[in-house]
Amino acid sequence: MNGAPARGRDCWHVPKGGVPAKLEEPGTRTGTIPVTGAVPHGASPRPGGRPRRRIGYHASHEQTPPEELLRLVQRAEAAGFDAVLSSDHLAPWGVAQGHAGHAWSWLGAALAATTLPFGVVTAPGQRYHPVVTAQAVATLSRMFPGRFWAAYGSGEALNEHVTGDAWPSHEERRQRLRSSVQIIRALLAGETVSADEPVRVHEARIWSRPAQPPPVIAAAVSEQTAAWAAGWAEGLITVGSDPQQTAAVLEAYRGRGGRGEAMLQIHVSLARTDDEALRIAQEQWRQATVSAEQMWDLEHPEHFDARSDPRPEAMRGAVAISSSPRLLADRIAEAARGFDQVHIHHVGLDQDPFLDQAPELLGALRERLHAAAAPPEPGRPPQEHG
């Protein structure tokens, strides 16, 4: 290891390639951060000892101005949601969405205005230097103990191209993410960090840290990324509404020894009629039909608009569309089978009609999630819901 202790503290040197050898050794401070117990994203208990899986509300900065989004998360708490998941975008996916507030500024206000736990999916390494991300995570975790977590992904050119740096290849982005996560882990553990490529750090230290850092969650869309993340993550979050696809991603993570909680984000459109729900999805979330091969590399909302497929069959494959809260609960429960948390994103601009129906949706969904988690009585098949 290069680098000498600074101010009596260990100074980690992260070599080129992004895997600091000392951080990989058993018994180091970062290698023994507890993942169980009072972690900020743990499922809330239910009487009888069986955990109740959390159902979260997705706060979409791409679609709602930050002051209005603050009101909406307060409404979501009153409606019965257990948690909030925040996006982190510099630009919206599509022009019609129209917003992109700064997530980290907003998170402090939102945590102070509610009692819910919050998470954010973010991408350290280009737009955000990992030292800055670590400081933000530390501050929120210290101010709101046990109520904040972050999930880390490799990012999209949509948000990252603004630095003017070349957009890396898929493998280079993976290496950068792994290096960034190691840097964040070490800083949150109280170490002084220096690092070389792919992310350069010079003797960084976080001075105000939480008593217990939040777990490091990996954001993964594909099976391949989920399997890769199992080697370093303390939890997983993925996105999708196709039960086969979500199950495959979860199995890829667990099959490689992935630990911690698994979370699912699902995009839905709930309206008075099926036609209206489809129209809302077509107007607001058509970029979900863009292929994975393209979506990481497109730089502007106009590019997503041009490549999206608003046909009904394509939209129904990307968004759970319904006029019935109970039928929508069936669709969500099927996609969320095996997951510890599910975070619901209603894709409409007007969130109030959705939140008006949320108590019915949440009640039906909790019934289904509880029934799916409970072992069947001997000689009796599992219960089905219509």
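Predicted model: local features only at pLDDT ≥ 70, side-chain atom pairs only at ≥ 80, totals over all residues.
How do H2 and H14 lie relative to each other, roughly parallel or roughly perpendicular?

Residues are numbered from 1 along each chain as its sequence is written, and side-chain values use heavy atoms, with hydrogens and water left out.

**Stop 1: H2 and H14**

Select residues 66-79 for helix H2 and 352-373 for helix H14. Helices (H or I, at least four residues) and strands (E, at least two) are DSSP runs, numbered from the N terminus. The axes of H2 and H14 lie 9 Å apart, at an angle of about 25°. Axes are lines fitted to C-alpha atoms, for helices over the stretch in contact, and angles run from 0 to 180 degrees between N-to-C directions. H2 and H14 are therefore roughly parallel to each other; angles under 35 degrees count as roughly parallel, over 145 as roughly antiparallel, 65 to 115 as roughly perpendicular and the rest as oblique.

Show side chains next. From H2, Arg71, Leu72, Arg75, Ala76 and Ala79 are in contact (heavy atoms within 4.5 Å) with Asp352, Leu355, Asp356, Ala358, Pro359 and Leu362 of H14. Sorted by class, this contact has 7 nonpolar, no polar and 4 charged residues. Here Ala, Val, Leu, Ile, Met, Phe, Trp, Tyr, Cys and Pro count as nonpolar, Asp, Glu, Lys and Arg as charged, and the others, Gly among them, as polar.

**Stop 2: strand S14**

Now select residues 341-346, strand S14, where 6 of 6 residues are buried. Buried means under 20% relative accessible area, exposed over 50%, and partly exposed in between (1.4 Å probe, protein chains only). In a regular strand the side chains alternate between the two faces of the sheet. In S14, Gln341, His343 and His345 are on one side, with Val342, Ile344 and His346 on the other.

S4 (residues 54-59) runs parallel to S14 and is joined to it by 4 bridges; two strands pair if DSSP finds at least two bridges between them. Ile55 has Val342 as its bridge partner. S12 (residues 261-270) also pairs with S14 in the parallel sense, over 6 bridges, and Met263 stands opposite Gln341.

**Stop 3**

Select residues 325-335 for H13, where the buried residues are Pro325, Leu328, Ala329, Asp330, Ile332, Ala333 and Ala335. Their cover includes helix H8 (243-255), S12, strand S13 (320-322), S14 and H14.

Move to H9, residues 274-284, with Glu276, Ala277, Leu278, Ile280, Ala281 and Gln284 buried. The buried residues of H9 pack against S12, helix H12 (312-318) and S13.

**Stop 4: strand S7**

Select residues 148-152, strand S7: 5 of its 5 residues are buried. Phe148, Ala150 and Tyr152 point one way, and Trp149 and Ala151 the other. Strand S6 (residues 118-122) pairs with S7 in the parallel sense over 5 bridges, and Gly119 is partnered with Trp149.

**Stop 5: H4 and H6**

Finish with H4 (residues 130-143) and H6 (residues 170-188), whose axes come within 9 Å and cross at roughly 45°. That makes H4 oblique to H6. The H4 residues Pro130, Val131, Thr133, Ala134, Val137 and Ala138 meet Ser180, Ile183, Ile184, Leu187 and Leu188 in H6. This contact divides into 9 nonpolar, 2 polar and no charged residues.
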